[in-house]
Structures are given as structure tokens and as C-alpha cells.
Amino acid sequence: MPSYTVTVATGSQWFAGTDDYIYITLVGTEGCSERTLLDKPLYNDFERGAVDSYDVTVGENLGEMELVKIEKKKYWVHDDWYCKYITVKTPSGDYVEFPCFRWLVDDKEVVLRDGKALLPKDDKTTLVKQHRHKELENRRKTYRWREWQPGIPMSIDANAHKELPRDIQFDSEKGVDFILNYSKAIENLCVNQFMHMFQSSWNDFADFERIFVRIKNTISEYVMQHWKEDFMFGYQYLNGCNPVMIQKCTKLPEKFPVTHDMVADCLEREMTLEEEIEAGNIYIADYELMEDISPNSTDPCTLQYLAAPICLLYNNSQSKILPLAIQLGQTPGKDNPIFLPSDGQYDWMLAKIWVRSSDFHIHQTVTHLLRTHLVSEVFGVAMFRQLPAVHPAYKLLLPHIRFTIAINTKAREQLICEFGIFDKANGTGGGGHVEMIQKAMRSLTFRSLCFPDAIKARGVDSPEDLPYYYYRDDGNRVWDVTKSFVWDVVCIYYDSDDTVQKDEEIQAFVKDVCSFGMQDLDCCGFPKSLKTREELTEYLTVIIFTASAHHAAVNFGQLFLGMYPDEHFIEKPVKVAMESFRKRLAEVSSVIKIRNEGKKLPYYYFSPDRIPNSVAV
């Protein structure tokens, strides 16, 4: 009688193993096996990290393997089990891989397709077509859209992390890390010790040093030594944590009436201010978004204030970016003066501090929260709703969506919720942060998520004009390498533009993102369909780049780009493309490392060896 050897790999996560009954059924084109018990409880199989093999004997050959059905039945109490993959060795000696990477909870059956990535048109039998349809039908019931706040991207329908589907929750280690890292961050910043300082007036600038006394590394120490200087203030616009505000000034706005006489002492090329603007040497950072945002009033004993400044910047003869003039409000007038470097030391310094305060709020709420976390969640929810596990785009995107929905749910549960951390420690808490997101949605377009387009739109795309903009240079390198990799994968599965147009699942995915995730806002410009392989490549690149590289550039890294520990793809051409991707990323890392050697302020946020795969922190 024909015998099949079934190999089962259990995950290494905490509590991944199980003592429950595990049954398996093999389904082929010529029939299916009997429901077979693989192991009995307490027999020490299916332990954390274990790989166990079993023989399944059948009456006759099952033909080509199509599906594997796994059932977990309760032995004593509900015992979740994480299955990494199942491999079936057929009587002819062939090996068929069935990636799983899922939790089996309660007494539910999981049905797996073999590991080949297939478009809808590639499914040949009624059985696999039905399985594909049923999988998506169940996913749409599980992954539902919900509006957390009006006028912002939609999110997953869950009030708390524990309500999420088990497969997208943090595993136990990650959950513990979240709590420990938060506690450690509070300890490192000495917030508990110095909390009274936030509730009262500060005495002098040395208070900054007292707060950050425990943050010790070469870069932070250099910044602490030079933070008061104009060159450091300007450098932050190029390579700081929010390097997206600076843009070429082609004409002074009427609301910011800076004259040549005001700044003549700061200009170095014997040109008027108007001539410097025409020559492309003047830049501007406008915090108009902050106008009329409600300051935090959750503590009636502590008055808080917000500014909506405009800052004029000068690219001097040494290619250093220096502040020329600062106006702290959007409407000029006697009560809204323009501050200059020639003003008193503390007047100028305080003006720069107010600009940095506004920059912080936009960085945290718009650049970071909205444009990486919330946008990535939209792509993630739509992916689970519209792309089955067998779809190549699902396999490509899944590592870049990992834990994103979980971290965002945690944030809505603990950080940006009413009475959350934002309300306690942020000047825009108490609702101002939501107002900011709602206003920022007007400028959140699909094109603004395409890195080269966003750089060009701000007029900062020329390395000759702006030579030390490492955020731009390194970001372009990573974008190009990522897009090239995505193109390689797209061409493996889509042989023509017509194939893209006829892929109803990818089209449904794109439409779900726009019509539901982005609430079909007219200003967003997200496509509702894709017509060419080039469009599909750019779309997938935006998702991967936003969740990995751009999040790293405005946050920090843990799990690295190009490394795929869960092997959802089994085809050799994709593995070759992945290896090429890793090599090109390594080359970019090498270029950045060489460039950084000897620099007092090295820039490595876009270095691929420091870029996390997903928005997971």
C-alpha cells in the first residue's frame, strides 16, 4: 500500500508546542487519505521548535498533492499550536512543501495549499478554486474595517490587542519586549525622576542635559555639545529624525515678509535675498499644519502652547544649511515678529526651540504615525481581506506587514487613546494629535509615498544643489534596489500587462485600499486599479518601502530588510531574486559605511543592515 511521509515543524515561539491531538488529511487530484492521528497527547511530539515525521498509509496513490488538512482537538484545555510548515514525501520520492506559519487555536481545521505561488488564472481544479474562494470569504469576516476617528485612514476592527486574530498578534516574547522596552525607555529618559520639570517652568537650558544624561553614544553626545548652534539646527532638516520638511523656496510667501535688509549680514555671496532665491540657495520649512491645532488641556493646572512657525534657511558657500529667519505664526504683524540670527542670543535660541517643538509634533504624528504606521495598516488589512496565501503578492508583502496591525492596535489601546500616554506627555494630546492627522490627510497622496516623487516635489532632488542630504541619497539607493527586486518578482508571475489587468484579486486589493482603507478621499490619488506591470511594481514597492525603509529612517530598526526567516516562496526564481536583492542591499550598506567613516555625524538610518522589514515597533 502506498505510504506518504509527513514532516511537521513546530514554531520556536514561546508556548508554540502543544499536547493536543493533531490529525492530518492528505488531498490529491486522485483522492484523499483517511483522517490520521499523528500523535497522542503527552508523547512529546509537537514541542516548541520540534520537527517530527510520520507515515501515512493510503489505499491507493492520491495523485498530485493539492491540499493538506490539519486539525487540532482539545486534550485537556485549549492549547494553541504554531505550525511552521508541513512537508509531504510521496511514494515516488517527490517532496511537496506546504508553508503554514500560522497558529492553530481551539478545535478548528486549517487547510494548506502547497507552496507554489499562483495567480487566480493558474488554479486548474474545482477543489483549489473553491479553497481559494473560501479562504478569502473567511478572511473578510475576520479582518473587518473600522473607523477609529473620522477623516483618517481606516483600521482593523478591534478594540484591544487580545481581540485581534491570533496570527497577527504579538507572540509572547514580542509582547513581553513591548512592555519591557516601554519601561526601559521611561527609565532611560528619567521621566519619573524629572516629571515635575514638565509640570513647571524650567530654570535654564542645563535642564536639557539633566534629562538626557543617561543617553550615551557618540552621536548624541556630539548633538548635546552643539545643539544650540545654527549649523546643527539646519543639519537636522537634512538628516535628523524628520528630514521631510525642507523644500526649495522659489518665492517668499506673502505671509512671511522677510526682506533683504533683515538677513543681509548672513548672506555670503554678495547677492540680494531675491538673487539668492533665484539661484536656488534659499529653502523653507513651513509648519502651517500646526495652525489652530488645539493644545493639550487635559491638565487644567498646566497651560500648554503650540506654534505654527515658518523658517527660512540658507545654503551657504560651504553647503551648510543655516536658519535665516523665523516667524512663529502664520499671520504677520506686530504681535508676530520675525526673529533673526542678529537678535539677542536667547530670543534667537527660543525661536529655534519653538520651531523644533513644532517639528517634533509633526514628526511624531504625521511623518511617523500617519505616514508609516497607519498607512501600512491600511495595506495590511486590505492584503488579508483580498489576497489568499497562495498569491505571490501576499507572499511578497506578508513579511513587511508582520506585527504592524498589532503595534497599531496597542497604540490605539495605550498611546493615542483618550487618557493615554499622548494625553499625559504630549503638547498635542487631548485631541490635537487627531486634528493634526485629519489635516495632514489633505496632503497624503499616493504619489507622496513614492520616495523619488516626494523628494522632487520639494525641490531637493539635486545632489549638486544640496550635497549633504544623506536621507535623499541613501533613500534613493534603497528605493531603486527594492523596486528592482519587486520588478524581478512581478515578472516571474505576470508575463504581460494583460495578466495584471485580469488578476481580479490584485485589483480587489488595490480597490479595497482606496475605497475603504483611505475612505475614497478625492485628494488621496490612490489608484483603484492597476493596468501595467510597471504600475504594479511601483505599488508594491511603495508598500514595502513605507513599512521598512522609510519607517526606519524616521524611527529605528530591529528585523532587517531582505531577510525572510519564514519561507513563503518556494520557487527557485524567486529565491534567486531574493539573493540578488540581499547582495544589492549589502552593496548599499557598504557604500553608506564607507561614506560615514570619520564623520562626527554619520547617517545610517537608511543603511539596509539597520532597516526593519516591517512597522513592528
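Among contacts in the protein (heavy atoms within 4.5 Å) between residues at least 6 apart in sequence, 72% join residues at least 24 apart. The model is predicted: local features need pLDDT of at least 70, side-chain atom pairs count only at pLDDT 80 or more, and totals for chains, interfaces and linings use all residues. Residues are numbered from 1 along each chain as its sequence is written, and side-chain values use heavy atoms, with hydrogens and water left out.

**Overall content**

- The protein has 19 helices and 16 strands; these are DSSP runs numbered from the N terminus, with helices being H or I of at least four residues and strands E of at least two.
- Of its 617 residues, 52% count as buried, where buried means under 20% relative accessible area, exposed over 50% and partly exposed in between, with a 1.4 Å probe and protein chains only.
- Carbon and sulfur atoms hold 51% of an accessible surface of about 28400 Å², computed by the Shrake-Rupley method with a 1.4 Å probe; for residues, only the protein chains shown count as cover.

**The four-stranded sheet**

- Four strands form an open sheet in the order β5-β1-β7-β8, with antiparallel pairing; two strands pair if DSSP finds at least two bridges between them.
- At the edges stand β5 (51–57) and β8 (95–104), each with a single partner strand, so one side of each has no neighbour in the sheet.
- On average, neighbouring strands of this sheet are turned by 20 degrees against each other, direction ignored; the axes are lines fitted to C-alpha atoms, for helices over the stretch in contact, and angles run from 0 to 180 degrees between N-to-C directions.
- Strand β1 (residues 3–10) runs antiparallel to β5 and is joined to it by seven bridges, and serine 3 has threonine 57 in β5 as its bridge partner.
- Six bridges connect β1 and β7 in the antiparallel sense, with threonine 5 opposite lysine 89 in β7.
- Between β7 and β8 the antiparallel pairing covers eight bridges, and cysteine 83 stands opposite arginine 102 in β8.
- The strands β7 and β8 form a hairpin with five residues between them, and glycine 93 in the turn has a positive phi of about 95 degrees.

**Threonine 87**

- Threonine 87 sits in strand β7 (residues 81–89).
- Its relative accessible area is 14%, so threonine 87 is buried.
- Leaving aside neighbours within four places in sequence, threonine 87 is in contact with Thr5, Val6, Thr7, Tyr95, Val96 and Glu97.

**Annotated histidines**

- The unreviewed UniProt entry carries a "binding site" annotation that covers His368, His373 and His551; UniProt positions are given in the numbering used here, feature names are shortened, and annotations may be inferred rather than shown by experiment.
- These residues are spread over 184 residues of sequence but cluster in space, the largest C-alpha distance being 8.0 Å.
- Histidine 373 lies in helix α9 (residues 345–386) and counts as buried because its relative accessibility is 7%.
- Histidine 551 belongs to helix α18 (residues 533–553) and is buried because its relative accessible area is 0%.

**Packing of α1 and α9**

- Helix α1 (residues 126–142) packs against α9 at an angle of about 140 degrees, and their axes are 7 Å apart.
- That makes α1 oblique to α9, given that angles under 35 degrees count as roughly parallel, over 145 as roughly antiparallel, 65 to 115 as roughly perpendicular and the rest as oblique.
- Leu136, Arg139 and Arg140 in α1 meet Met383, Phe384, Arg385 and Gln386 in α9.
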